[in-house]
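I kept these notes while looking through one model. They are in the order in which I looked things up.

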Amino acid sequence: MLQIKPILAALKRHKAGTVLIALQIALTLAIVCNALFIIQQRTEHLSRPTGMTETNLLTVANRWVGADDKATPSLGKTDLEALRRMPGVVDATLTNSYPLRGGGWSTSVNTTPEAKKEMAHTTLYFTDDHALAAMGAKLVAGRNFRPSEIEWVDAKEFQTTPVVIVTKALADKLYPDGSALGKVLYHSGHTKPSTIIGIVERLQVPWTGTWASNFAENTILIPRLLTGNFGSYLVRTQPGQLERLTKAVPKLLIQTNRMRVIPEERGVRTFAQVREQAYKSDRGMAILMGVVCAVLLAITAAGIVGLTSFWVGQRRKQIGVRRALGATKHDILSYFLTENLLIGAGGVIVGAALAIGMNLWLVSHFEMERLSLLYVAAGVIALLLLGQGAVLAPAMKASRVPPVEATRSV
Amino acid sequence: MFGYYLDLALRSLRRNKALTALMVLAIALGIGACMTTLTVLHVLSGDPLPGKSAQLYYPQLDPRDMDGYQPGEDPPVQVTWTDGMNLLRAGRADRQALMTGGAVPLQPAQSSIEPFFENARYTSADFFPMFEVPILYGRPWTAADDEAHARVALISRKLNDKLFQGRDSTGETLRMNDVAFRIVGVLDSWRMTPHFYDLNNGSYAEDEGVYLPLTTAYELKLGRNGSTDCWGKGSDPDHMDTAPCVWLQYWVQLDTPAKAAAYKQFLIHYSQEQKALGRFQRPPNVRLPDVMGWLDYNKVVPGDVRLQAWLALGFLLVCLVNTVGLMLAKFLRRSAELGVRRALGASRREVFMQLLVESGVIGLTGGIAGLLLSLVGLWLVRKQPSDYAALAHLDLPMLLATFLLAVGASLLAGLLPAWRACQVTPALQLKSN
């Protein structure tokens, strides 16, 4: 540490180089901090469980063509019976939407009919008594729907149902003391109550975007099947049957009734595909940011190595003189390490300010949250360590300069 | 002299291969990242109808009630059926079209093709000449067809290839939603990027396969795709023509700025008149953006794409700073050599030029490598699932921009080191040797 003064004096003779390294460290810190923060934001929910048993699950989007809305209940019933009879099928259900699908029904929910402000936002899945088995969702309290509670309803005329099943997240939100089972809820501003007869451990909403992040697991299962020409079948298969049924299920449906369209794209998907497609752009952005970070750090490290090597080469004679005058190898090594630490410190101070400034700019122009200072601190430490690591090789080389170098003229 | 400098530069670069490779690689990565993201940005923020877009306007009115009224608020982004029809029939613009998106179940006559849903556009006759839609066979329907709710349709070339193997299908019958339509025309390949005339179903959505008269589609209650905003007593799916809801897009063509100003006046008069009639309650709040103005207002370019472009620029900056630092060290280390050249009579300018040639060589090599990298980058972008992925191609202007950026950037990066290095005092350098 005694060396700081001579180091500063020496750096004054290399102003441009010093400033450039510091600037590079600063810019790298600013970009890496923000990129890491974006990665964290994007990947936070990538691994979120849907609450369903995602293996051996097949989704089929169905659209009736030329069928009257009033005819769709009997068509749907025929389909479901045929699906449930299929060899290899454990259970099948019909629903308006399912986790990660992308589109669905969202509404407000309260514990009193008068409340002006919503207590929570939620999604509604219109489905039947086979839903829990087909989805593989875990009922943690209460009971499933009874077959007698299931009816068909037109989406335009739907109001409320006497009974509902909710997720634990929503139950706890509505009744924080854990007493939700058997209590009532009011949704969509209707005045008729719905009694909570069952609570499932977890069931995610159809959306993955940031706008749905504050109600990601608030779900109500409604014991109603929607008439009309849209719907999705969820089919749970026996182990090892998924691949075969991916082809067999659409074939069976077409055989059952030709008055339908199963879209070519995204019509028949295993749930693994649903998950992959739902998070593809988030994952892509996170990977891109990760690559950018890695390359930036590599370039900065290479830059430090390159520049320090030059300085070492330039100062061989001085190093020789110092060695001849009694400096140990360790002294020389620590000289270059300290020098790099000083430049790095200057860089990260500017860089931290830049990182925060850049984040504020991103917040005002893009959908970003405030950067946590933890990221800046982590970035500062990472860049200082990177600098020390990068400078090690040239510094070792410098420490090996023999004292006899002092006597050489070139 | 240039040849000699080039020779010197190459010798110098060969002397320290690792360093040269590092500088070239840094520039190449910076340029590659920049060009990839800028190309995507360029494609996505392009003018969908160059030469025509400045004459196309999107009138906005405010037909809402006073509930939640705040002065200075933006008017709704679509129009009601009543206003759309009133403005369409008034015919005060050079051309005008009212439209919405939809999806129709198509029931091909051939049993080999299963029924399928096709995206449709329900619009009025002027749509085709106004947006300069290329017609391969037949002709668009007429205003008389609109009035008569005629069962006529135009189909896209892609759909024509699928259903009729690309032959002239005008006059053929097409069953949609259990109704027989007569095909009056087939479009040539046509894709608007962005999909400016209706941004509700994705800003870079593909153009529709089927085009039907709006009046016909409404009468047959064909399925709609798009957004609906209602106020007052709200949506009424069976009577959308009178419901207090905006759900249609209305476009006009106005050939001169004077006509545009006049049309805006007309919209204000229309709003006042509707207010006098009691239909509108708010003070006239009229907008008339043109195509590019409308795209800006809707911020169609995805945030991620802009974010990536800024990120890439930052990346390039770091790469350049890196190169400047390395070049500086390299040039300064050659002070002795440069001192000898100066002492032998080379002017400061000549030494400066020599060093600039060297940095130019690095820049050019880096630029070419960067171009290859950006081709790889664009190929990766095309592999992405987004609806604009297929559009990511390098065009000529962007190709030229890449080169200018690469050479410009590296020359810029070479300036400071070269200037510093050519400041050497020959005597001092010679003495120290």
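**Ground rules.** I note that this is a predicted model, in which local features need pLDDT of at least 70 and side-chain atom pairs count only at pLDDT 80 or more, while totals for chains, interfaces and linings use all residues. Residues are numbered from 1 along each chain as its sequence is written, and chains are lettered from A and ligands numbered from 1 in the order in which they are written.

**Domains.** I looked up the domain bounds, which come from an automatic or database domain assignment. Chain A has domain 1 (4-45 + 281-407) and domain 2 (57-278). Their C-alpha centres in chain A are 54 Å apart. For chain B the assignment gives domain 1 (2-45 + 301-432) and domain 2 (53-297), with C-alpha centres 50 Å apart. Four residues from domain 1 of chain B and five residues from domain 2 of chain B make up the contact; two residues are in contact if their C-beta atoms, placed from the backbone, lie within 7 Å.

**Chain A against chain B.** I found 34 residues of chain A in contact with 34 residues of chain B. On the chain A side, the elements giving two or more residues are α2 (15-43) and α8 (280-314). Helices here are DSSP runs of H or I with at least four residues, strands are runs of E with at least two, and both are numbered from the N terminus. The largest share, 16 residues, comes from α8(A). By class, this side of chain A has 18 nonpolar, twelve polar and four charged residues. Ala, Val, Leu, Ile, Met, Phe, Trp, Tyr, Cys and Pro count as nonpolar, Asp, Glu, Lys and Arg as charged, and the others, Gly among them, as polar.

**A helix pair in chain B.** I checked α12 (residues 348-382) and α13 (residues 396-421) of chain B, whose axes come within 7 Å and cross at roughly 150°. Axes are lines fitted to C-alpha atoms, for helices over the stretch in contact, and angles run from 0 to 180 degrees between N-to-C directions. α12(B) and α13(B) are therefore roughly antiparallel, a term for angles over 145 degrees. The contact of α12(B) with α13(B) has 15 nonpolar, ten polar and no charged residues.

**From the record.** I read in UniProt (unreviewed entry) that "transmembrane region" is placed at residues 21-44, 309-332, 352-379 and 399-419 of chain B. Such annotations may be inferred rather than shown by experiment. Residues 352-379 of chain B are 100% helix and 0% strand, with end C-alpha atoms 40 Å apart.

Definitions and conventions. Angles under 35 degrees count as roughly parallel, over 145 as roughly antiparallel, 65 to 115 as roughly perpendicular and the rest as oblique.
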